[in-house]
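Visitor: I would like to go through this model with you. Could we begin with one residue and widen the view from there?

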Amino acid sequence: MATTPAIPHRHLLPTPSNGPAYLSSSFLYLPTKARSCKTLSCLSVNQSNDNGTTTTTAFQELRVVLAAGGTGGHVIPALAIADDLRISNPNVHVLFVGTPNSVESASIPSAGYSFSSIPAVKLFRPILCFQNFSVLYHLVQSTIHAFKLLADFDPHIVVGTGGYVSFPTCIAALLKGVRVVIQEQNSVPGIANYLLSLFAEIVFVAYNSTIECFPRKHKCVVSGNPVRLSLRRFVSKGVARSQFFPRSGGKEEDAKVILVLGGSLGANAINIALLHLYGPMLMEHRNLFIIWQTGVESFNEMENLVRNNTRLVLTPFLHSMDLAYAAADLIVSRAGAMTCSEILATGKPAILIPSPDVEEGHQFGNASLMADVAGSRVITEDELDSTTLGATIEEILGNENLMAEMSERALRAAKPDASAEIAQHILSLIESSTAKK
């Protein structure tokens, strides 16, 4: 391998000492003071605001359980829905159900929400394998735990957004006679959501094509994927870039910033391809800047191999994803469902490298849809190397008209108000169920 000439500095983002390493690019929920909830008993009313949307103002405490866990792809939409439920009705009391010692056990309390845990039920692939012999036993145990939690909390509705806890919690809700809605982030649903859709009141999906995957199509609502509130707020490109590149700022008119994301644990194939590519690219293009999230597991190795450069930010994870997206001209990333939705919401051209390891081929489906609706370029992991990635980056960054077209298509396909729409459906379901009692 050809060595890259030494370049004098590299900017590393410091690892915060007060947060666990797995709170990565998938998360940006800063700690807020937890709110106390008091039980009140009055009626709810609907009010229309100036922009024509309906806001539910309720004085009766409404109790909602959100079952989510395992990865940021399941937890982020749940948090976004919870935030909009609180905006629509400040008296909503939300309880999150997740797994202990997990991503959600740290991030959800820091976001100001109540959290309880139940044992996880993990289904291995292929289905008929030795590890799955005990799944039924663990499912029963988790469902019993969830049933006890629901009996204590007495929710009006349970919302499942996926992960190992969503299925047993929703099953417990159905056994208790509590209404269930589910939210599917991917273009093709997994086994758990497919089964739950048979009993759910509403199935929220991200894409029109996903409706065809469910047997009860009339229950599906195409809402899009809920994205974090911070991504829906405007951040100027100049301000964002100055946070990552304080010396140069990347403020030149022709400056271009590439944001590389591999998920919280990293993507080894992307890291290796970029390792062979970043040096020549930065030497050839003096207006190029790179924000490179290596993932926690790969950071130490990459830190030892990557040479210094003031136009390169190397970090194991990113807390300020709103700033990272705002600073970027081009995203190079895996094709997780939430990442794809965030790319659409921020209107960014993207190169997607779907993970071949994700269950049921979700990322290949997501990447294909992104190519159709937003013109995103897709490189399979088998095709990925520094030459292919470099050529694709050059194709996009070297063509302003193409970048503008990809950005415009992404914004047209985005559904930035997904969480607000889902929240209104949930509140309407609660109102209809309480009115019948």
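Guide: Glutamine 141 counts as partly exposed, at 28% relative accessibility; here buried means under 20% relative accessible area, exposed over 50%, and partly exposed in between, with a 1.4 Å probe and protein chains only. Glutamine 141 is found in helix α3. The model is a predicted one, in which local features need pLDDT of at least 70, side-chain atom pairs count only at pLDDT 80 or more, and totals for chains, interfaces and linings use all residues. Residues are numbered from 1 along each chain as its sequence is written, and side-chain values use heavy atoms, with hydrogens and water left out.

Visitor: How many residues along the chain separate glutamine 141 and proline 119, and what is the distance between their C-alpha atoms?

Guide: They are 22 residues apart along the chain, and their C-alpha atoms are separated by 7.7 Å.

Visitor: At what angle do α3 and α4 pack?

Guide: Helix α3 (residues 135-153) packs against helix α4 (residues 166-176) at about 60°, with the axes 8 Å apart. α3 and α4 are therefore oblique to each other. Angles under 35 degrees count as roughly parallel, over 145 as roughly antiparallel, 65 to 115 as roughly perpendicular and the rest as oblique. The axes are lines fitted to C-alpha atoms, for helices over the stretch in contact, and angles run from 0 to 180 degrees between N-to-C directions. Helices (H or I, at least four residues) and strands (E, at least two) are DSSP runs, numbered from the N terminus.

Visitor: Which residues make that contact?

Guide: From α3 they are Leu139, Ser142, Thr143, Ala146, Phe147, Leu150 and Ala151, and from α4 Phe167, Pro168, Thr169, Ile171, Ala172, Ala173, Leu175 and Lys176; contact means heavy atoms within 4.5 Å. The residues of this contact of α3 with α4 divide into eleven nonpolar, three polar and one charged. In that scheme Ala, Val, Leu, Ile, Met, Phe, Trp, Tyr, Cys and Pro count as nonpolar, Asp, Glu, Lys and Arg as charged, and the others, Gly among them, as polar.

Visitor: Which residues of α4 are buried, and what covers them?

Guide: The buried residues of α4 are Ser166, Phe167, Pro168, Thr169, Cys170, Ala172 and Ala173. Their cover includes β4 (62-68), β5 (92-98), α3, β7 (157-162), β8 (179-184) and α5 (191-196).

Visitor: A change of topic: which residues have the most contacts inside the largest nonpolar core?

Guide: They are Phe244, Leu259, Ile291, Leu318, Tyr325, Ile331 and Leu352, in a core of 34 residues. A nonpolar core is a set of buried Ala, Val, Leu, Ile, Met, Phe, Trp, Tyr and Cys residues joined through side-chain atoms within 4.5 Å.

Visitor: Which elements give two or more residues to this core?

Guide: They are α6 (237-244), β11 (256-261), β12 (288-293), α10 (321-327), α11, β15 (350-352) and α12. The largest share, six residues, comes from α10. Another core, of 32 residues, lies apart from this one and has Met281, Val306, Ile379 and Leu402 among its members.

Visitor: How do the axes of α11 and α12 cross?

Guide: The axes of α11 (residues 337-346) and α12 (residues 362-374) come within 10 Å and cross at roughly 15°. The two helices are therefore roughly parallel to each other. Ala337, Cys340, Ile343 and Leu344 in α11 meet Asn366, Met370, Val373 and Ala374 in α12. This contact divides into seven nonpolar residues, one polar and no charged.

Visitor: And what about α13 and α14?

Guide: The axes of α13 (residues 386-397) and α14 (residues 400-413) come within 6 Å and cross at roughly 90°. That makes α13 roughly perpendicular to α14. Glu395, Ile396 and Leu397 in α13 meet Leu402, Met403 and Met406 in α14.

Visitor: Finally, how many helices and strands does the chain have?

Guide: The chain has 15 helices and 16 strands, and 53% of its 437 residues count as buried.
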